[in-house]
Amino acid sequence: MKRTTLSLIAGATALAAVTGFASLTTPDGTAAPQVKAPTRLPVERAGLACPVPSTSEVAETLYTSYTPLSGGTAPAKGSTSGTGSTGGTAGTGGSGTADKPAAATARLRPATSATTSGGATKGGKKAKAPATVTAPGKPVTAEANGPAAPALTGAATGTLAPGWTVQQTTVVPAGGARGLLGLSCGAPDTDFWFPAASTAKERQDYVHLTNPDDTAAVADIELYGPEGVLKSQFTEGIPVPARSTVPVLLSTLTSEAAQQSVTVHVTTRSGRVGAAIGSADEKLGSDWIAASADPASTAVLPGIPADATSVRLVAFVPGEDDADLKVQLVTRSGTIVPAGAGSLHVKSGMTASVELPDLTRGEVGSLMLSPSDPKKSTPVVAALRVVRGKGEDTEVAFVPATGAISARATIADNRAKGTTLALTAVGADAQVKVTASAGSGGGTPVSRTVTVKGGTTTALTDLVPQGLKGSYALTVEPVSGGKVYAARTLAVPLDDTPMFTVQTFVDDRGTVEVPSARQDLGVLD
């Protein structure tokens, strides 16, 4: 009787995970415990993967690790304990339980460099993993200079897991890869889209595949140009050994003519990887290309700098139907149609691109793509290549389409000068809470509630912690109203070169939906 009842309870819990509710009767006719709808709890584990920051001898990399404060969580001195509640895992697709509180940890460790037919990284000297956050609410930074800085993988647990983020910022002051390269280290996954890559002669685009797990992964890479699939070699069944990183030079994967705009699709047939593209243009500079948001009928690309001198939009349709897109610029004063570029036709399986000269004209803006005919919506992926400066003093960055912030999102490594936060509401008016954390070297966090009118972009440059020392994190949380999209621009000028990088805010998945069951212990007697 006891085993039968327990089995029924387990079955009811599983059913509730699918339907949201379940009710069963035991063999003796008594009512089994009802199962409540799933609830949301903080994740107990979050994993991240950071690619090799640079192979340049003069590269200077700063890592910033940060976990935002959660409701009811206060900053702690020294070590922090776990929650002890049932939670899930961000970036792993799993869930787990904890009967006893466990010590919270957040650790990164070097991954092994590996070689593929597309190129290799320099092994260099074995480098130490950077220091990581020890308590929510305060960033921790560490430096790693030169070509020996490795790829990193790691995980945060307990109270350090919800919203854990690591920002990787690299300055390369000279050489073919000069530039300011910024990247939010990503959660491992099995599917990535990268518009705005290139196989052009002046570009050196490497896709970095980093495996955080103890078992090997196998990845596939597909390339799509303006005429469709590029004939490729060495792109199927790429092995990525356990806890290692593999860089692949895109131009070596195809014998077809060089293409200015290419869409890259990375999938895994086994295991998971972190994926990002490092792009170096011998004329324009270098930066990371982060993955676009999943294919959707509407795409928002936030945070185009006010002084952008060149913007190229690249879009791709993964499905079978072509897409006719309306192109709009969301500015401080409203939503407008860019001159001469109000629409874009994207053929199925082909990469489309369009130049958008003089786009922002002195105002921070965001680009929005939507179906020209609302009755014919077709999912797309998209990204922007953005250039600042002119002549030899130029710098490039990339802005992928991103999703709206549903609960919370954070970008670390912001500076007292040169940080711009762009908030875009494309539908109804929206309110968000923006928090500037304590500084890595000291300072008091500050928060502000910001109202963003529908169809506009608001730029903030003055939200800085009081008494700031070091760098700080920016966290955005929706309060009410419509959807909000956000991006952070970090500008670090070097001589006459306007070095900059742009990162979009991606929801941190700090909570997970889990089934909850109310057990009537009386039926077990």
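A: **The disulfide and its setting**

The structure holds 1 disulfide. A disulfide is a covalent bond between the sulfur atoms of two cysteines. Here the term is applied to a pair of cysteine sulfur atoms within 2.5 Å. This is a predicted model: local features need pLDDT of at least 70, side-chain atom pairs count only at pLDDT 80 or more, and totals for chains, interfaces and linings use all residues. Residues are numbered from 1 along each chain as its sequence is written, and side-chain values use heavy atoms, with hydrogens and water left out.

Which cysteines form the disulfide? They are Cys50 and Cys185, with sulfur atoms 2.1 Å apart. The two sit 135 residues apart, so to speak in distant parts of the chain. Cys50 is in strand S2 (residues 45-50). Cys185 is in the loop between strand S13 (179-184) and strand S14 (191-197). Strands (E, at least two residues) and helices (H or I, at least four) are DSSP runs, numbered from the N terminus. Now look along the S-S bond of Cys50 and Cys185. The torsion there is about 115°, so the disulfide is right-handed.

Are the two cysteines buried or exposed? Buried means under 20% relative accessible area, exposed means over 50%, and partly exposed lies in between (1.4 Å probe, protein chains only). Cys50 has a relative accessible area of 0%, so Cys50 is buried. Cys185 counts as buried too, because its relative accessibility is 6%.

Follow the chain on from S2. The loop between S2 and strand S3 (60-66) holds Ser56. Ser56 is buried, because its relative accessibility is 15%. Leave out residues up to four places away in sequence, and Ser56 touches Gly146, Pro147 and Val172. A contact means heavy atoms within 4.5 Å.

Step back to the whole chain. The protein chain has 1 helix and 42 strands. Of its 525 residues, 52% count as buried. Take the contacts between residues at least 6 apart in sequence: 80% of them join residues at least 24 apart. The accessible surface comes to about 22,200 Å², and 51% of that belongs to carbon and sulfur atoms. These areas come from the Shrake-Rupley method with a 1.4 Å probe; for residues, only the protein chains shown count as cover.

The structure holds 10 salt bridges. A salt bridge is a side-chain nitrogen of Lys or Arg within 4 Å of a carboxyl oxygen of Asp or Glu. One of them pairs Arg269 with Asp220, the closest N and O atoms being 3.0 Å apart. Arg269 is in strand S20 (residues 262-270) and Asp220 in strand S16 (residues 217-225), so this pair ties together parts 49 residues apart in sequence. Arg269 is exposed at 52% relative accessibility, whereas Asp220 is buried at 15%.

Another salt bridge joins Glu363 and Arg332, with the closest N and O atoms 3.2 Å apart. Glu363 lies in the loop between strand S28 (351-355) and strand S29 (365-371). Arg332 lies in the loop between strand S25 (323-330) and strand S26 (335-336), and the two residues are 31 apart. Glu363 is partly exposed, at 24%. Arg332 is exposed, at 60%.
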